[in-house]
Amino acid sequence: MKTKFYATTPIYYVNGAPHIGHAYTSIAADVMARFKRLDGYDVRFLTGTDEHGQKVEKAAHDAGVDPQTFTDQISADFKAMADAMGVSYDDYIRTTEPRHKASTAELWKRIEASGDIYLGHYEGWYAVRDEAFHDESELTRRPDGSFVAPSGAPVEWVREPSYFFRLSAFQDRLLKLYNNQPEFIAPSSRRSEVISFVKGGLRDLSISRTTFNWGIPVPDAPGHVMYVWLDALNNYLTACGFPDETGPLWRYWPADVHFVGKDIIRFHAVYWPAFLMAAGLSLPRRVSSNGWWLMDGEKMSKSLGNVVEPRKLAEIFGLDQLRYFLLREKPFGADGSLSHAAIISRINVDLANDLGNLSQRLLSLIARNRGGVLPARGPWTEDDTGLLTAADALPDLVRANMDRQTFHEGLEEIWKVIRAANGYIDRQAPWALNKTDKTRMGAVLRVLADTLRVVATLLQPVMPGSMARMLDQLGVPPDARDFAALTTPLADEITLPPPQGVFPRYVEPAA
Ligand code: MSP
């Protein structure tokens, strides 16, 4: 039986249209899910939308639409965006679905049964934009006397009856978790941040609201709806069939990795494990957080009018090109700047020059000088085995980087081999060997074909469409494209389809 692997994206607030930041977390999670599938795992990959709470209710109200109709529309748009980005989710969850309401009511009851919920009164600051309670010490005073949250979100004073979760009782257990499971929070800079936050002492958390009603009702407590983060976090359990622990999906819990943005690490690495501990459920293995994309160095925001529509970028540059750029351009956990110039440079240098030229040169030489027939392997020289050994070492190197979500380093390992292959083809000059030593030319072309096969197989998770075309051209049968198949050499003397360019240079359209 295959080992299971459960990966999740954050579920997105449906208060506005999807943008590149949302697409980014989902694409990174998708790369991980596709990689694990090709690596022989039984993968469950979840995404969806976060539809309750004051922020969404307010957005619906501002649009003059009832919240359900509003969330139906925007959730459908997020789904269309995921599809357009090639996000290969197995389940698309919406928190307004009956399965989620039932599951979340049950989670509440379990936490309550543990004695970790009590009724009280909340009085303090709340940032609707973050859907987060803030301690006054975290706020900054603006010149006009108003306060803002660390994210810059405005806060308002809230005073209402509320149920509380006894978060303060979980400090030791959480610190033990971070200590025993050092890989629980990534990258390590975030881990240190969370540890010092928890060491600073935890206050009990308000987990119900009474001043609006767009949420999941608290069981047996009229007037209270659940705090939207308790509701939202539970989506990960709902999608495993919770509370049905005998159902077919339960085997996927706990999550192997929750992908989240750095702004929501606290909810996932502090509140979520504490809720699960209280409910007696097992804990996720890892919360991996991504940094932010800035637009030409500036934060994206609706008010600045610089929000990037991912579908538009994919249309201009190509979907695979965009996916590659997003994963290659910056370390996953760090912030980075997005600009058309940076995308074009990745397309023209990495994709067109390095990878595109390599495959084009190889495949056209096989077409022209070998009648399109893939040459047999060997005999090998030292230069040949040097390149082949580097290619053989790649799957393990890339796997290790995938498991740490150091996507850009995994890609750099692949590019080292691509650059080595370009150096090799220049040194060996198979076009000259065509006149002097056809047998040797065949051996050289085969070394390159075997190398490119490894490269294209490993790049499938990042660029599924282009790599499928490249593997077609290399004569790799569709059922031999997983990583296990790499240990079996391609059959000799197969006839390859006519070569076609996979990565054209990007040329700026004439104004
Ligand atoms: N609904 C919550 C998540 C609940 S998960 C149980 C939420 N939604 S969100 O729509 O506001 O943001 C979702 C994700 O998008 C976050 O992880 C956030 O970091 C990410 N991004 C939003 N803007 C971003 C960038 N500009 N760059 C990169 N990612 C950013 O939070």
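**Domains, ligand shell and backbone**

The protein is divided into domain 1 (4–290) and domain 2 (340–487), with bounds that come from an automatic or database domain assignment. This is a predicted model, in which local features need pLDDT of at least 70 and side-chain atom pairs count only at pLDDT 80 or more, while totals for chains, interfaces and linings use all residues. Residues are numbered from 1 along each chain as its sequence is written, and side-chain values use heavy atoms, with hydrogens and water left out.

Taken over C-alpha atoms, the centres of domain 1 and domain 2 are separated by 42 Å. To the contact between them, domain 1 gives 13 residues and domain 2 gives 16 residues, where contact means heavy atoms within 4.5 Å. The area buried between domain 1 and domain 2 is about 1200 Å², and carbon and sulfur atoms give 68% of it; buried area here is the accessible area (1.4 Å probe) that two parts lose on being put together, summed over both. On the side of domain 1, the residues that lose the most area to domain 2 are V31, F35 and L38, which together make up 51% of what that side buries.

Turning to the ligand, 22 residues lie around it, and of these I11, D50, G261, D263 and W293 come nearest; a residue is counted as near if one of its heavy atoms lies within 4 Å. By class, this shell has twelve nonpolar, eight polar and two charged residues, where Ala, Val, Leu, Ile, Met, Phe, Trp, Tyr, Cys and Pro count as nonpolar, Asp, Glu, Lys and Arg as charged, and the others, Gly among them, as polar. The largest share of the shell, four residues, comes from β1.

Among the polar contacts (pairs of N or O atoms within 3.5 Å), a polar backbone atom of Y13 is 3.2 Å from an oxygen atom of the ligand, and a polar backbone atom of G21 is 3.5 Å from a nitrogen atom of the ligand. D263 takes part through its side chain, a polar atom of which lies 2.5 Å from an oxygen atom of the ligand. Taken alone the ligand exposes 660 Å², of which the protein buries 95%, with areas from the Shrake-Rupley method and a 1.4 Å probe. The elements that give two or more residues to the shell are β1 (4–13), α1 (20–38), α7 (228–233), α8 (235–238) and β13 (257–261); helices (H or I, at least four residues) and strands (E, at least two) are DSSP runs, numbered from the N terminus.

Some backbone features remain. The peptide bond from A186 to P187 is cis, with omega near -5°, and P187 lies in the loop between β9 (185–186) and α6 (188–199).

Definitions and conventions: Polar contact = N/O pair within 3.5 Å; in protein donor to acceptor, adjacent residues only side chain to side chain.
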